[in-house]
Amino acid sequence: MSLNTHHATHIQPSRKYILTPDDDPLDLLCRHFNVAKVTFAPGIPLPTFFDMPVLHDAHMPSHILAVFDTSQNESDPGPSSSHPIIMIPTHVDLYARGFCTRILPQSPPGTVFPVPHRNAANRQVVTLPVVPTRVPHALSMPLLLLFGLGIESRARLLSCRLLPAEVIGEFPSAPVMAQQLAAISTDDQLHQRISFNQGLWKNILALGPRDTHFIKLVQTAWNATVEAQHIRRRTSRTTAAVPPLPSPAP
């Protein structure tokens, strides 16, 4: 993947590692584009256009990405009835500046982008073209777009989505981070970290964000997660190989 240096703020780890409900990546994307977060039920055919409720009549998105996983039937280009669809607002100009892989149609000069209007219920909405978007890991797409579009640069928000606070404090030493992650995580917690961080890394490889500092931070987190898994496996094998102590004589 060819990567170019992006002009976004360099991301460095912060000392504040507590997330709040306001730090949800999809919420932050929607608030940036002044629209309300929407859900789309699986099993319903995707429309060509979709109305998003407008929060403020200001900067609007140009498209809405209907994001779903590649893990379903590869012969079917659309979402399945059992996989959730994540509706993510975006803007074609921001995306073109932030990513190498084109997933949005180019806007010719003089293109008029969507503007808010009143629907039949007298609610202010913006009607956006829907772009079905198949990616390796749908759940991490809001986080990738939030940073890849240059909307967010808070390392705290990114780090806390990838690793526990105790591990972030050991940045940038991936071996020490891995030791700490393996020591404090349950098997389920480690599995969830691996699934999310691997999915985000696969999305990065597929879409090619241009912000190399963002990429390096995610890569460090992914390397630490992989090594933590190796440590856990080695520990499990060692524990299983140690014979139990003989019972004391009566």
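Select Glu152. Its relative accessibility is 14%, so Glu152 counts as buried (under 20% relative accessible area is buried, over 50% exposed, in between partly exposed; 1.4 Å probe, protein chains only). The model is predicted: local features need pLDDT of at least 70, side-chain atom pairs count only at pLDDT 80 or more, and totals for chains, interfaces and linings use all residues. Residues are numbered from 1 along each chain as its sequence is written, and side-chain values use heavy atoms, with hydrogens and water left out.

Arg154 and Glu152 form a salt bridge, with the closest N and O atoms 3.0 Å apart (a side-chain nitrogen of Lys or Arg within 4 Å of a carboxyl oxygen of Asp or Glu). Arg154 is partly exposed, at 32% relative accessibility.

Next, select Arg234 and Glu227. Their salt bridge has its closest N and O atoms 3.2 Å apart. Arg234 is partly exposed at 39% relative accessibility; Glu227 is partly exposed at 27%.

Last stop: Asp24 and Lys37. Here the closest N and O atoms of the salt bridge are 3.8 Å apart. The pair links distant parts of the chain, 13 residues apart: Asp24 lies in the segment before helix H1 (25-32), Lys37 in the loop between H1 and strand S1 (49-53). Helices (H or I, at least four residues) and strands (E, at least two) are DSSP runs, numbered from the N terminus. Asp24 is partly exposed, with a relative accessible area of 23%. Lys37 is partly exposed too, at 44%.

How many salt bridges does a search of the whole structure find? Six.
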